[in-house]
Amino acid sequence: MDYKKLNLTIIGHWGAYPGPGEATSCYLFSAEGYNLLLECGSGALSLLQKKHSLLNLDAVTVSHYHADHIADLFCLQYAVRVDMELGLRSSGLPIYGHTEDPSFEKLTYKNFTTGYGFCEDTELALGPFTLTFLKTVHPDPCYAVKLTYGNKSVVYTADTGYFDALIDFSREADLLLCESSLYEEYRGAIPGHLSTGEAAEIAQKGRCHSLILTHLPHFGQHKNLLEQARKGFTGPIQLAESGLSLVI
Ligand code: ZN
């Protein structure tokens, strides 16, 4: 791992439920020894520990409270408890989420984890990272996240339907980590989710430098998502996959 660079490891990339041996949404951002977990979906804790100690997590941020984004959060709270009671971890784990849902209360677990709220006006300094937020179009409140480190930026769309403000929010991002729940022929079929062509359109109009398609569907051939996105975005595109690690 490059200490002075922004490192991203994709832990989980499935929508809804994990594929066999894999996980739903979970992304690890690391720089200067600071480790931020973005989302903690089903299967994430198991996969994360293949290469990373839970003791090294400094903070967690979640976009919204659908199970495929937070299912393992509650076992992570137990892990923090065990580690604190064993004297392996000296302080609790902060977990950041929006406050527009009663589930926010669950982010706090005794003195082991503490929930902190954010909204669109929040500029959050987490270790070397700065996070800002944009409310997305989703059946329940959900926030896209822009993570900035030095002159690098990553925009994570979380779950969302298409809306123009996402283009401005993504402007010139080094990486757009974009949900792509739908093949292009299903554009608009599930409100609150993007087709791969819409993901490409946001990346292209926002002049993003690269695009990763994530929150992937459980049917069809994922290579078709890639081919369809290439028609709309001229920059480099990758499919999210478990364990994919990159320096941004
Ligand atoms: Zn959702």
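**Cores, zinc site and strand crossovers in a predicted model**

Leucine 73 is in contact (heavy atoms within 4.5 Å) with Cys40, Val60, Val62, Ile95 and Leu107, leaving aside its neighbours within four places in sequence. The model is predicted, so local features need pLDDT of at least 70 and side-chain atom pairs count only at pLDDT 80 or more, while totals for chains, interfaces and linings use all residues. Residues are numbered from 1 along each chain as its sequence is written, and side-chain values use heavy atoms, with hydrogens and water left out.

Leucine 73 belongs to helix 3 (residues 73-85). Helices (H or I, at least four residues) and strands (E, at least two) are DSSP runs, numbered from the N terminus. Leucine 73 counts as buried because its relative accessibility is 0%. Buried means under 20% relative accessible area, exposed over 50%, and partly exposed in between (1.4 Å probe, protein chains only). The C-alpha atoms of leucine 73 and serine 90 are separated by 19 Å. These two residues are 17 apart along the chain.

In soluble globular proteins, nonpolar side chains tend to be buried together. A nonpolar core is here a set of buried Ala, Val, Leu, Ile, Met, Phe, Trp, Tyr and Cys residues joined through side-chain atoms within 4.5 Å. The largest such core has 32 residues. Phe29, Phe129 and Leu131 have the most contacts inside it. At least two residues of this core come from each of several strands, including strand 1 (7-12), strand 2 (26-31), strand 8 (129-135) and strand 9 (143-149). Strand 9 gives the most, with four residues. Phenylalanine 129 touches residues including Leu6, Phe29, Tyr34, Leu124 and Leu147, not counting residues up to four places away in sequence. Another core, of 27 residues, lies apart from the largest one. Ile11, Leu45, Leu54 and Leu57 are among its residues.

The zinc ion is coordinated by His64 (NE2), His66 (ND1), His138 (NE2) and Asp159 (OD), at 2.2 to 2.3 Å. Donors are N, O and S atoms within 2.8 Å of the metal (3.2 Å for Na, K and Ca); water is not among the atoms, so sites may look incomplete. The four donor atoms subtend angles of 89 to 168°, which makes the arrangement irregular. Four donors count as tetrahedral if all angles lie between 85 and 135 degrees; four count as square planar and six as octahedral if opposite donors are over 155 degrees apart and all others between 65 and 115; anything else is irregular. The donor spacing in sequence is H-x1-H-x71-H-x20-D. Histidine 64 counts as buried because its relative accessibility is 0%. Histidine 138 counts as buried because its relative accessibility is 13%.

Strand 11 and strand 12 pair in the parallel sense over four bridges. Pairing requires at least two DSSP bridges between two strands. Leucine 213 in strand 12 is the bridge partner of cysteine 178. The chain crosses from strand 11 through helix 5 (residues 196-205) to strand 12 in a right-handed β-α-β crossover. Right-handed means that, with the strands pointing away from the viewer, the path from the first strand over the helix to the second runs clockwise. Strand 12, helix 6 (residues 222-230) and strand 13 also make a right-handed β-α-β unit. Three bridges join strand 12 to strand 13 (residues 237-239), and these strands run parallel.

Helix 5 is largely enclosed by the rest of the structure, because seven of its ten residues are buried. Its cover includes helix 4 (165-170), strand 11, strand 12 and helix 6.
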